[in-house]
Amino acid sequence: MLKSFISIVLVIITFTLSSCSSALSGLQSYVDINDGYQFLYPNGWMSVDVKTVTEGIDIVYRDFIEPSENLSVIISKVDPNKNLADLGTPTDVGYRFMTMVNENSNNQRETELVSAEKRQQKLQDYYLLEYRVKLSDNQYRHNLASVTTKNGKLYTFNISTTESRWQKVEDLFKTVTKSFSLS
């Protein structure tokens, strides 16, 4: 009788602990020692060869099951004497990017800035940007970005999904976006 009671209590504790697992469960860590950044990405996502992709894209991951979901890190040059605040407020930077995308006639996309905010981690400033994107075929996507600067480089972390999946992955994608940091 005592053994049965202990077994039942252990099963209840196991289920309770597994249901209370943190938002970090189901995520893997990626660290780029050469370029000095790191982030978490969802299990089941795979690295994509970026050698033939646009210049500046350092890494791309794509969901194996939902291939339209992806993340990337783009590293661009910026004046080494400028920090993130010198580029403007989060809203300024968000609108500047949105305008650049919307003015590109080859792109055939309409981008809307949903939100822009600043966060700080280990004395490093990051701008968190959220976009809604209308593609030429009237499909909608949802993008999150984390932007920062260091040593003459502008780092842009971007994660994207279809608008129809946004509500299912919103919390996960926000956790992943906030995990992006410089070493």
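Visitor: What makes β6 and β7 a pair, and in which sense do they run?

Guide: β6 and β7 are joined by 11 bridges, in the antiparallel sense. Two strands count as a pair when there are at least two bridges between them, so with 11 bridges β6 and β7 qualify. One place to look is glutamine 120, which stands opposite aspartate 125 in β7. Please keep in mind that this is a predicted model.

Visitor: Which helices pack on the sheet that holds these strands?

Guide: α2 does, touching β6 and β7, and its direction makes about 150° with that of β6. α3 packs on the sheet as well, touching β3, β5, β6, β7, β8 and β9. The direction of α3 makes about 165° with that of β9.

Visitor: How do you know which strands are the edges of this sheet?

Guide: Start with the order, which is β3-β4-β5-β9-β8-β7-β6, with antiparallel pairing in an open sheet of 7 strands. β3 and β6 (110-121) each pair on one side only, and that is what marks them as edge strands. Across this sheet, neighbouring strands are turned by 20° against each other on average, direction ignored.

Visitor: How do you know that β3 belongs with β4?

Guide: Again, count the bridges: 4 of them join β3 (residues 45-48) to β4, and the two strands run antiparallel. A pair needs at least two bridges, so β3 and β4 pass. Valine 48, for example, has valine 60 in β4 as its bridge partner.

Visitor: What do β4 and β5 form, and how many residues lie between them?

Guide: They form a hairpin, with 6 residues between the two strands. Their pairing is antiparallel and runs over 5 bridges. You can find isoleucine 59 opposite valine 73 in β5, and tyrosine 61 has leucine 71 in β5 as its bridge partner.

Visitor: How many bridges join β5 to β9?

Guide: There are 8 bridges, and β5 and β9 run antiparallel. Serine 76 is a handy landmark, with leucine 154 in β9 as its bridge partner.

Visitor: What makes β1, β2 and β10 a sheet, and in which order do they stand?

Guide: These 3 strands form an open sheet in the order β1-β2-β10, with antiparallel pairing. The edge strands are β1 (27-32) and β10 (181-182), since each pairs on one side only. β1 and β2 (residues 37-42) are joined by 6 bridges, and serine 29 has leucine 40 in β2 as its bridge partner. Helix α3 (residues 166-179) lies across β1, β2 and β10, running at about 165° to β2.

Visitor: Why is the contact between glutamate 69 and arginine 165 called a salt bridge?

Guide: Side chains of opposite charge can pair when their charged atoms come close. Here the distance from N to O is 2.4 Å. The cut-off is 4 Å, so the glutamate 69 and arginine 165 pair counts as a salt bridge. A search of the whole structure finds 5 salt bridges.

Visitor: What parts does the pair of glutamate 69 and arginine 165 tie together?

Guide: Glutamate 69 sits in the loop between β4 and β5, while arginine 165 sits in the loop between β9 and α3, so the pair ties together parts that are 96 residues apart in sequence.

Visitor: Which residues lie nearest the centre of the largest pocket?

Guide: Those are Ile74, Phe97, Val101, Thr156 and Asn158, from a lining of 35 residues. Two or more lining residues come from each of β4 (57-63), β5 (70-77), α2 (90-103), β7 (124-134), β8 (140-150) and β9 (153-162). The largest share, 5 residues, comes from α2. About 1200 Å³ of space lies in this pocket.

Definitions and conventions:
Residues numbered from 1 in each chain as written. Predicted model: local features only at pLDDT ≥ 70, side-chain atom pairs only at ≥ 80, totals over all residues. Heavy atoms only, no water. 1 Å grid on protein atoms, 1.4 Å probe; cavity = no way out; pocket = protein on both sides within 12 Å on 5 of 7 lines; lining within 4 Å. Points joined across faces, edges and corners; volume = space filled by probe spheres on them. Contact = heavy atoms within 4.5 Å. Axes fitted to C-alpha atoms, helices over the stretch in contact; angles between N-to-C directions. Salt bridge = Lys/Arg side-chain N within 4 Å of Asp/Glu carboxyl O.
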